[in-house]
Amino acid sequence: MSQYVITINRSFGSGGKTVGRLLAERLSIPYYDRDLIRLASEDSGINVRLFGQADETARVSLFKRYGREYGRSVIPPGSDEFTSNDNLFNIQAKIIRELAEQESCIIVGRCADHVLHGQPRLLRVFVHAPMDFRIHEVETRYGLSRKDAVREIEKIDRARAQYYRYYTGKDWNDARNYDLCINSAALGFDRTTEAVIAHLKVRLS
């Protein structure tokens, strides 16, 4: 297969990261998640800590218009807005587009599906799972009680949904935003990975 990009959005506890790493391993292509923060920091000279603080969160304001064209232009150094959350997003979007131009890769989160929308040879995936499955995964992975696992799932899903709506104007879990939505609980992580690869091959044929 020639160059392509797979973007993955995921509900917390659904194993979207696990599927992303399995895809990268089986397709022998790079996997980008929090690496994007480091790359954006190196590119801009902005402390990586600031990117970490803004990562997949959005301060939603009643005075902020959803769906503004973010990710298209980076504010230059010297501006008061250079280290704003909005410009940090713009810098990460710039890195995402550059990676997509340079190589086949997996990109998790950070509205990459929106940033790359319209690009040829792009597969936009959303990984989800029923709440009971996700609770068990979070309990097991992080050693949390059921009550704390539910609280963490709800908090992180809410933050991801707000972040996505803030920068795209769209609903994060709307199937119309993706080429493939897949229930990882129904298939398991290995077969979910196989299903994504099969869909990719059809899409690129």
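Student: At roughly what angle do the axes of helix α6 and helix α7 cross?

Tutor: This is a predicted model, where local features need pLDDT of at least 70, side-chain atom pairs count only at pLDDT 80 or more, and totals for chains, interfaces and linings use all residues. Residues are numbered from 1 along each chain as its sequence is written, and side-chain values use heavy atoms, leaving out hydrogens and water. Helices (DSSP runs of H or I, at least four residues) and strands (E, at least two) are numbered from the N terminus. The axes of α6 (residues 131–142) and α7 (residues 146–168) come within 9 Å, and they cross at roughly 110°.

Student: How are α6 and α7 therefore oriented to each other?

Tutor: Axes are lines fitted to C-alpha atoms, for helices over the stretch in contact (heavy atoms within 4.5 Å), with angles from 0 to 180 degrees between N-to-C directions. Angles under 35 degrees count as roughly parallel, over 145 as roughly antiparallel, 65 to 115 as roughly perpendicular and the rest as oblique. α6 and α7 are therefore roughly perpendicular to each other.

Student: In what order do the five strands form the open sheet?

Tutor: Two strands pair if DSSP finds at least two bridges between them. The pairing here is parallel, and the edge strands β2 (31–32) and β5 (180–183) each pair on one side only. The order is β2-β3-β1-β4-β5.

Student: Which residue in β3 does Y31 stand opposite?

Tutor: β2 and β3 (residues 105–108) pair in the parallel sense over two bridges. Opposite Y31 stands I106.
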